[in-house]
Amino acid sequence: MSTSRLTARLGGLAFGGDYNPEQWDQETWKEDDALMSRARVNLATLGVFSWALLEPEEGRYEFSWLDQQLDRLHSYGVAVDLATPTASPPPWFTLAHPDAMPVTAEGAGLVHGSRDTYCLAAPAYRRAARGIATALAARYGEHPALALWHVHNEYAAICYCDHAAAGFRRWLRERHGSLDAVNAAWGTAFWSQRYGSWEEILPPRATQWHHNPAQVLDFRRYWSDEALAAYREQRDAVRAHSELPVTTNLMLPGYQNLDLWAFGRELDFVSIDHYPIAPGVDAAADTAFGGDRARSFGGGKPWLLMEQGTSTVYGENATLPKEPGEILRHSVQHLAHGADGALFFQWRQSRSGAEIWHSAMVPHAGADSRIFREVCETGEAVARLAEVAGSRVVAEAAVLHDTDSWWGLESQGLPSKDLDYPGTLRRAHRALWDAGVTADFAHPESDLSAYRLVMAPALHLLSDAAAENLRGYVQRGGTLLVQYFSGVVDENYRARTGGYPAEPLREALGIRVEEHRPLAAGAVLSLSDGTAAGAWSEYLRTEGADTVAAYADGRPALTRAAYGEGAGWYLSTRLDDAGYSALVRRLLSEAEVRPLVPGLPPGVEAVRRSADDGRSWLFLLNHGREPWHVPVVGWEVLTDRQAADGGVTLPPRRRCRAPAAVMRNDSHRPTPDPGREEHDMPLTDPGPEDLVGYRPESPAPDDFDAFWQRTLAEARAQGGAVKTERVTEQYGLRTVEVDDVRFPGWNGEPVAAWLLRPRGVEGPLPVVVTYQGYSGGRGLPTEHLFWSAAGYAQLVVDTRGQGHDTPDRGMGDGTQWSEGFMTKGIDSPENYYYRRLMTDCVRAVDAVAGLPGIDGGRIIVAGGSQGGGLSLAVAGLMTDHIAAVLPDVPFLCHFRQGARIAFEGPYQELVKYLRWHSRHKAQPTFATLDYFDGVHFAQRATAPALFSVGLMDPICPPSTVYAAFNHHAGVDRTITVWPFADHGGGYGSTPGIQLAWLRERGLAPGTTREDVPQ
């Protein structure tokens, strides 16, 4: 199983986080409903730490509060990731099962009062964990809100109690078979440690001096397997009642208690928690490091970011805040590295408890805060990137990552304290990242044939199988770099004899290390190529390799051996940063691994995700302090527009606008839907000469007018006042007045709008009511100054569910699957999303007509793309109230044609819905859409109309625009044709053309129709 089922359920990428409604009152829940809609949250994780509420007494479950929360979230269109709460047993468990409490290596027994107060090996804990997991799955396995199961939370805590000791002994019997084999593997002849019975073996508890490293290594392996067994038990309990995907959130800290490769094989998809450990560019490098590890543990499949912080960067002495724009930039960076969602801990910052200061999506300051505004911007960006779901990242370079080597390098008594496994791993990855190369991580025994370059920066422990695998990799043409102190012990932590690294790897490297020579702190060596080094050195001799750089005494320091069709490099010291970076770039050049975008400086990142159908997305992120121009072509998904001829300019970090761009490269056409007849599938538009007269037969439903009369009558019957608040001073405007407007829309629900008008002009003024493009909202008033500068009043209407300020409380209606707004509630006209939105648009005209200073006889409706389709709908539903309509490259017209031939944009949501989920529903789906088709509104609209069309528009094909234009019922209709334009149409030229057109019809401020020459 992969993320595909989750993203199909959500209609795109996941966005949201841990939600703890049990910590808040009902008034806060109501605010959460509105704010989640505003932030585009579509997935909430429930119940992570709720065991005490769910099971207040052993065996007695209380689910009523959780029933309420799942039902409530479902009604607002938020899916649920339901956790098993087993990371935090309740206080009664401590009293009932004191033997299940954790014990430290020093023998101290811990008690309740924090989280993770349990021993994974304790039978009582395992029974209780299975019990609560089974009860949750049995009750909620088929709940419509449910989208994902989240077992436990951050498996990590180790215990050294007697239960752990008994489990360790059982594990040793299974692994080694006999006590004699254990003694042989551990080398117990040393220090008189030979074991005569199984009961003599204990976990590596606190002792006089150094532990036996082989014993410690086996205990680490055992504990990871114990944790994995605990996970499997809960997963299987859940699967007995639910077919939904199951995962657990893995941590990626500087310590590692689990074999994450083993966990990755058992999870339906990998999910991780990630918190940067340094600010600035280092945080970005750490984010790439975490994302590449997550993707690799899952075998290259998309994964899920389960936790991140909105303002959490763990520094040495403080938890540092994120810079402006980093919430979005880090989230998009995780998506670039293969995530199919970006979630946070947590939704609302806690008022009490141990994590009271942990950042959240809604901070203590509330929604009126920088953090929440950036969360909303991030939710908008994640929604726009829905199309990347399921695509993958392909790398040509890999860094070897071995849990056993990590644990081995944590042994006591090593030759140097500078032998830092995670730091060395990060350094290798960082050098590739700085060079503009995306890297995978790989296990040393895995298939490496996909990689041109493999780096083994800290392969301390090397199995015989891994040694042969690496030798074969080089022989078959790979380029391999092995670094110092590698291949020195086997899988039982026994030293390799006869020279290092282990054979047969040594054969491919053409060297033999005789002696390790760690350096004193601060010592610096100068190599023959001018490079500086420190920390470590080795005596080695070449056995077929060439010396690339030597120590001062002429001994080899860096070597290269031609072996088979490849090359094996060996580095016997720790180069300084400049020297290491230069070496990695040299290896990349030799292996012919090139950056995706040549010439980018360190800190400007390029990563590509690719889909099976030929599409790909180039993610560009600027983590540096200076703007950077990238000469690329394609469609920029975050802004939904074609890149300028010269490319895109990424602003520096520390800007409120996140320095990121996502370029789509389409090398495909839509696959014909098997549910359609072949003759019904043209994939190209008519030629320009045929478009002029394109007027397809398009009868509206018989009850079309009655349906809309009833809909609007019901909305108007709800009543409700129009509220305005003067907010000009907040935006520093001197020539324009700005009012924040709330008017009653669908079902009387408040809809937000901006009212802008020239300052000091009493009116009455003609008003332009503008509707927004797909996935857009009203934004900021400073984005909409053209019409007020031209002397008009302007009402900028927010878009329910798409804008930040108007939630769609009906988004849970109808179909459970949707790719986006196009298919929300598409099972019937009554449930369909656009019924609610178009009602809002009509009610906007009702509202503005009654405001002081507005000329109710000169109301103009306008918009681009989706906004253009909405303006046509209003013009068709309010024929006696609209003076003119300006549909610019209008969307929502001639749905059948758009679904057939549009190969970008929202029509593809409809195509995917019909192709993947409801092929048999094509007829009823289009029957629903007939009530919302711009062609049918145009047939009823009589106001003067100025359309526009781009003849190269891949999103709203020209024939769909001409269908509406040629069906328009008015005698005064004009269309501006842009022969070489895409969906942007005339871009910045459009407003001026519209203004001149309105003046010609007496609809400019200060003019009347009598002023226009006849």
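Predicted model: local features only at pLDDT ≥ 70, side-chain atom pairs only at ≥ 80, totals over all residues.
Residues are numbered from 1 along each chain as its sequence is written, and side-chain values use heavy atoms, with hydrogens and water left out. Local features need pLDDT of at least 70 and side-chain atom pairs count only at pLDDT 80 or more, while totals for chains, interfaces and linings use all residues.

Nine strands form an open sheet. Their order is S5-S4-S3-S2-S1-S11-S8-S7-S6, and the pairing is parallel. Strands here are DSSP runs of E with at least two residues, and helices are runs of H or I with at least four, numbered from the N terminus. Two strands pair if DSSP finds at least two bridges between them. The edges of this sheet are strand S5 (246–247) and strand S6 (249–251), each of which pairs on one side only. Within the sheet, strand S8 (residues 303–307) runs parallel to strand S11 (residues 339–344), and two bridges join them. Leu305 stands opposite Ala342 in S11.

Helix H6 (residues 123–140) lies across strand S3 (79–83) and strand S4 (146–150). The helix runs at about 175° to S4. Such angles run from 0 to 180 degrees between N-to-C directions, with axes fitted to C-alpha atoms, for helices over the stretch in contact. Contact means heavy atoms within 4.5 Å.

Strand S13 (residues 397–400) has parallel partners. Four bridges join S13 to strand S14 (residues 439–442), and Ala398 stands opposite Asp440 in S14. Three bridges pair S13 with strand S15 (residues 453–456), also in the parallel sense. Here Ala397 faces Leu453 in S15. In a regular strand the side chains alternate between the two faces of the sheet. In S13, Ala397 and Val399 point one way, and Ala398 and Leu400 the other. All of these residues are buried, that is, under 20% relative accessible area, with exposed meaning over 50% and partly exposed in between (1.4 Å probe, protein chains only).

A three-stranded open sheet has the order S18-S19-S24 and antiparallel pairing. Strand S18 (524–526) and strand S24 (574–575) stand at its edges with a single partner strand each, so one side of each is left without a neighbour in the sheet. Strand S19 (residues 532–534) pairs with S24 over two bridges. Ala533 stands opposite Leu575 in S24.

Phe190 lies in the loop between helix H8 (179–186) and helix H9 (213–239). Phe190 is exposed, with a relative accessible area of 54%.
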